Amino acid sequence: MVSSTLDSLRSVLNVPEDESQPVRLFHLSFRDFLQDSQRCSDSRFQIDEKERHTSLFRKCMEHISQLEKNICNLWGPGVLITEIPDNTIQKSVPPHIQYACCYWLDHWQPVEEDIKTIQQFLEQHFLHWVKGLSLIGEVSNGAHMIIALDEILSASCNAH
């Protein structure tokens, strides 16, 4: 379905046959074109990068909050990931939630109103997020994200 929708843009987009794979731009100049209101005069196609990142960040937070306390319905503590069937992991942590777990911080634009969202996320969903990262083999990415978040917040606090 996605492929057929994007067919007319194949000259600027790499649309993989496998719909679980990301669509990529052939030329970053196309991205630049869409973000420049002087060059892209049709407002239907213009992209406000900051607004788009903010929207993606908030959607990532929504998706992560969908992770359940007992992801994959594990039968007890200490279960090895190798004991969990791949299809169970894919069902419990589908691609959109995997993306959200791995890239929410990349989309965050440090604005005051979203600091509360992050605080709420850390208080209510941190463990679910770490479990999700563990199931998809991305715990080290999560550790790097927490370090980066700490640096961003520290710099923000020092600036005020």
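Modeller: We will take the labels one at a time.
Modeller: This is a predicted model, so local features need pLDDT of at least 70, side-chain atom pairs count only at pLDDT 80 or more, and totals for chains, interfaces and linings use all residues. Residues are numbered from 1 along each chain as its sequence is written, and side-chain values use heavy atoms, with hydrogens and water left out.

Biologist: What makes up the secondary structure of the protein?
Modeller: There are 8 helices and 2 strands. Along the sequence the pattern reads α-β-β-α-α-α-α-α-α-α. Helices (H or I, at least four residues) and strands (E, at least two) are DSSP runs, numbered from the N terminus.

Biologist: Why does Asn 87 count as exposed?
Modeller: Its relative accessibility is 59%. Exposed means over 50%, buried under 20%, and partly exposed in between (1.4 Å probe, protein chains only). So Asn 87 counts as exposed. Asn 87 is found in helix α4, residues 86-92.

Biologist: Why is His 128 called buried?
Modeller: Its relative accessible area is 14%, and the limit for buried is under 20%. So His 128 is buried. His 128 is found in helix α7.

Biologist: Which residues is His 128 in contact with, leaving aside neighbours within four places in sequence?
Modeller: Leu 67, Glu 68, Lys 69 and Ile 71. Contact means heavy atoms within 4.5 Å.

Biologist: How does the span of helix α3 compare with the span expected?
Modeller: Helix α3 (residues 49-64) has 16 residues. The expected span is 1.5 Å times one less than the number of residues. That gives 22 Å, and α3 reaches 22 Å from its first C-alpha to its last.

Biologist: Which residues of α3 are buried, and what covers them?
Modeller: His 53, Thr 54, Phe 57, Cys 60, Met 61, His 63 and Ile 64 are buried. The cover includes α5 (95-107), α6 (112-124) and α7 (126-135).

Biologist: How many aromatic pairs does a search of the whole structure find?
Modeller: The search finds 7. Rings of Phe, Tyr and Trp (its six-membered ring) pair if their centres lie within 6.5 Å; planes under 30 degrees apart count as stacked, over 60 as edge-to-face and the rest as tilted.

Biologist: Why is the pair of Tyr 99 and Tyr 103 tilted?
Modeller: The ring centres are 4.8 Å apart and the planes are at 35°, so the pair is tilted. Tyr 99 and Tyr 103 are 4 residues apart in helix α5, about one helical turn.

Biologist: Are these two buried or partly exposed?
Modeller: Tyr 99 is at 38% relative accessibility, so Tyr 99 counts as partly exposed. Tyr 103 has a relative accessible area of 38% and is partly exposed too.

Biologist: What makes the pair of Trp 104 and Trp 129 edge-to-face?
Modeller: The angle between the planes is 75°, with 5.9 Å centre to centre. Trp 104 lies in helix α5 and Trp 129 in helix α7, so the pair ties together parts that are 25 residues apart in sequence. Trp 104 and Trp 129 are buried.

Biologist: Which residues form one aromatic cluster?
Modeller: Phe 57, Trp 104, Trp 108, Phe 121, Phe 126 and Trp 129.

Biologist: What share of the protein counts as buried?
Modeller: Of the 160 residues, 28% count as buried.
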